[in-house]
Amino acid sequence: MLYAKVVVGLPVEGPFDYIVPADLISRIKIGVRAWVPFRTKSIIGYVVGITSTTKIKNLKKILEVIDEQPVLNKSMLRLSKELAEYYCCSWGEAIETALPEGLRKGKKIVSINVNTHSDKKDNPDVILVQDLDGKERWNIYLREIKDTLNKNKSTIVLLPDLNSVLKAQDKITPSINTPTSILYRKQPKELEEWIKVREGKANIVIGMRSAIFSPVNNLGLVIMDEEQDSVYKQDQVPHYHAREVAFMRTNIEKAKLILGATSCSLESLQLVKANRIKYDFVARNRDFPEIKLVDVKSEQRSRKKRHIILSKYLQGSIYDTLNSSGKVLLFINRRGFATFASCRNCALVLKCPRCNINLVYHFKDNILNCHYCNFKMEAPSICPNCNSNYIRYTGAGIETVESELSRIFPKSRINTIDSKKHLNTKDADIFVATSVITKEEGLNFDLIGIIGIDNSLNRIDFRSSEKTFALLSSLLRLTEKKIIIQSSLPNHICFQALVKKDLSLFYEEELRIRKQLNFPPFKHIILIKLRGRQEEKVKQASQDLFKKLNTVHKLKVFRTVSLNPALPSKLRSKFYWQLLLVSSNVKKACKSLKIYLKDFSHSGIIVTVDVDPL
Ligand SMILES: [Zn+2]
Ligand SMILES: [Zn+2]
């Protein structure tokens, strides 16, 4: 008798043993998909092993083998297994996150012609390239891609968004003489592209996060541009980070890994400091802009105003720049510039009915909008609580800045750039933009004014300084003349490192603080989230789990740190609580967590685990 070991894309561990019926024996292979009965349904399973013995009685039979050739090769099986161990999900869930939708849904593919040539692999090699302008970085990438092609090996290039993927293809294609493939989730012909790559018809894959799972043959190089970007982290289970998976995969397949960034993640920098990866800093060959700090607090005091959008100094500099026909960019940190609706009579702040979040006012459409669940309502003129007509819209939105600018500089052409509008740099004198502008290339401003950056620093997030610094560094590329930063924290190391033109000052200080607090990158954080429709039940379940984990943490594979309602505590009509654990060994911690979570069941409560949350 032959048995198949099968995993499924559900939060259950496995592998589960199934009988291979006689007529399927010739077709069963490790790495193929098969229809299997599971609980009361038939679902897709992935064969991860074949054996002639089993200890389990009353086994069910495999219903059908879907594939002629395995869709998962040895290294992909090993990678997905490692991913499951690290990110505390099941092996089947990890496999499904690595496959295109068509395959997850059971679509048949005609015999894959896998073109495998195995040869001796080089030593693994990881290098972090930091380049403020991004140009030299690309020369390095192109050189390495050519090298890899010359060795008859494949390359995967990862970028944070589709726009960058398309631009990368334009940069890579002219300099090489081989077909490339673009891979990302939800693209129209995802499965067709996947098969093309699998058959060895494209040696270079360019894509977003999920492209790290591309079925390339003979992987020689992975390039991950803007490695610090948080979009590389998947926001659903499994919460993997493409950088971590890139480390796993290049290690398994003995390929080279290049991480590129304008402002590196502290995770990568710490690996450099520990001599575990190499580092290449590309010096800027243009002038470093002059950085001026404006202390908004002291100006608020002297001008006796509660809010200042444009400081006198910034106004003066804009005036001077416009007078010499220069171009100005006002950078707005959108998060800090939302406008809220509140009642001056009863102090009610209008919140999303589904989420515990303030609604944001959109002036042009006169609506209130929830930025989490996209709930929309017409902005009321009467307070729903006290029926007074004292509803006021406070805070400065991007539109408020625009109207303030046109009041002070009535003759200037102003262009507001947010994600929807097409960028056109020729038709304005002053640009008002959010972070979308940092992804643009070939822009050069004579003056950049940065407003609202304090809200980014003041967020309740231990990474807030790192994120703010990355944002500021990405703006350096857009000017070689002058940057004015308005802040009430002018002495913050984020700003001082820029004023002193020495980025390492920030990294050193931030790493020192993280080490002192036992935070990443020195320890791993594991976030356990519980959600459900009844607030009291979620709270009770969270407390139970916390107590339980507290009694077992004597094993010292993790330490429980805190138990709180999540932020936001209510989202899309569900209540959230979270437990925070700290660990120095993620795989061990996840192994024991899986055991405790398996026995933990509260009806109506869903538990998810996020390892290394961002
Ligand atoms: Zn009211
Ligand atoms: Zn909402």
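Colleague: Let's start with helix 4. Which of its residues are buried?

Modeller: The buried set is Arg137, Trp138, Ile140, Tyr141, Leu142, Glu144, Ile145, Thr148 and Leu149. Bear in mind that this is a predicted model.

Colleague: On to the metals. Which residues hold the zinc ion (ligand 1)?

Modeller: Begin with the donor atoms. For ligand 1 they are the SG atoms of Cys343, Cys346, Cys383 and Cys386, at 2.3 Å from the zinc ion. Along the sequence, these donor residues are spaced C-x2-C-x36-C-x2-C.

Colleague: Why is the arrangement around ligand 1 called tetrahedral?

Modeller: Go by the angles at the metal. For four tetrahedral donors the ideal is 109.5 degrees. Around the zinc ion (ligand 1), the four donor atoms subtend angles of 107 to 115 degrees, so the arrangement counts as tetrahedral.

Colleague: Are Cys343 and Cys346 buried or partly exposed?

Modeller: Relative accessibility decides that, and buried means under 20%. Cys343 has 3%, so it counts as buried. Cys346 has a relative accessible area of 29%, which makes it partly exposed.

Colleague: What coordinates the other zinc ion, ligand 2?

Modeller: Here the donors are the SG atoms of Cys352, Cys355, Cys370 and Cys373, at 2.3 to 2.4 Å. Their spacing along the chain is C-x2-C-x14-C-x2-C. The angles between the four donor atoms run from 107 to 114 degrees, so this arrangement is tetrahedral. As for accessibility, Cys352 and Cys355 are both buried.

Colleague: Last topic, pockets. How much space lies in the second largest pocket?

Modeller: About 910 Å³. To read a pocket, go from its volume to its lining. This one is lined by 30 residues, and Tyr86, Glu244, Phe247, Leu271 and Arg276 lie nearest its centre.

Colleague: Which helices each supply at least two residues of that lining?

Modeller: They are helix 1 (74-87), helix 7 (242-252), helix 8 (266-273) and helix 17 (586-599). Helix 7 gives the largest share, six residues.

Definitions and conventions. Residues are numbered from 1 along each chain as its sequence is written. Chains are lettered from A and ligands numbered from 1 in the order in which they are written. This is a predicted model: local features need pLDDT of at least 70, side-chain atom pairs count only at pLDDT 80 or more; totals for chains, interfaces and linings use all residues. Side-chain values use heavy atoms; hydrogens and water are left out. On a 1 Å grid over the protein atoms alone, a cavity is a set of points where a 1.4 Å probe fits but cannot get out, and a pocket is an open set with protein on both sides within 12 Å along at least five of seven lines; lining residues have an atom within 4 Å of a point. Grid points are joined across faces, edges and corners, and a volume is the space filled by probe spheres set on the points. Helices (H or I, at least four residues) and strands (E, at least two) are DSSP runs, numbered from the N terminus. Donors are N, O and S atoms within 2.8 Å of the metal (3.2 Å for Na, K and Ca); water is not among the atoms, so sites may look incomplete. Four donors count as tetrahedral if all angles lie between 85 and 135 degrees; four count as square planar and six as octahedral if opposite donors are over 155 degrees apart and all others between 65 and 115; anything else is irregular. Buried means under 20% relative accessible area, exposed over 50%, partly exposed in between (1.4 Å probe, protein chains only).
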